[in-house]
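I opened this entry to record what I looked up in the model shown below. My notes follow in the order in which I made them.

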Amino acid sequence: MGYLFWAIALQGRVIGIISNFAYATPVISLILPAIFLKESIEINMFIGMLMIFCGIFPQIYRNLREN
């Protein structure tokens, strides 16, 4: 199912922007259990998610400026 959504996202979109979201997989794998299974997100997990987002967003911003 995930590969289907990935293939759909790559059609007609800028690959440089979409490919950066591959790094968001660990973040999604922490957020979804927290929402649906009521798992707790500890401080070290939260810091890791922030670090991932701090790496993704500058790349997306740069790709948007270039296109």
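I asked which helices supply residues to the nonpolar patch, and found that α3 (25-36) and α4 (43-66) each supply at least two. Helices here are DSSP runs of H or I with at least four residues, strands are runs of E with at least two, and both are numbered from the N terminus. The model is predicted, local features need pLDDT of at least 70, side-chain atom pairs count only at pLDDT 80 or more, and totals for chains, interfaces and linings use all residues. Residues are numbered from 1 along each chain as its sequence is written, and side-chain values use heavy atoms, with hydrogens and water left out.

I noted the patch area as about 1200 Å², with I28, I35, F46 and M51 among its members. Areas come from the Shrake-Rupley method with a 1.4 Å probe, and for residues only the protein chains shown count as cover.

I then checked L32, another member of the patch, which lies in helix α3. L32 is partly exposed at 40% relative accessible area, the class between buried (under 20%) and exposed (over 50%).

Next I turned to K38, located in the loop between α3 and α4. K38 is not a glycine, yet its phi is positive, about 60°. K38 is exposed, at 69% relative accessible area.

Notes: Patches are made of residues with over 30% relative accessible area and no salt bridge: like charges are joined within 9 Å, nonpolar side chains (Val, Leu, Ile, Met, Phe, Trp, Tyr) within 5 Å. A salt bridge is a side-chain nitrogen of Lys or Arg within 4 Å of a carboxyl oxygen of Asp or Glu. Buried means under 20% relative accessible area, exposed over 50%, partly exposed in between (1.4 Å probe, protein chains only).
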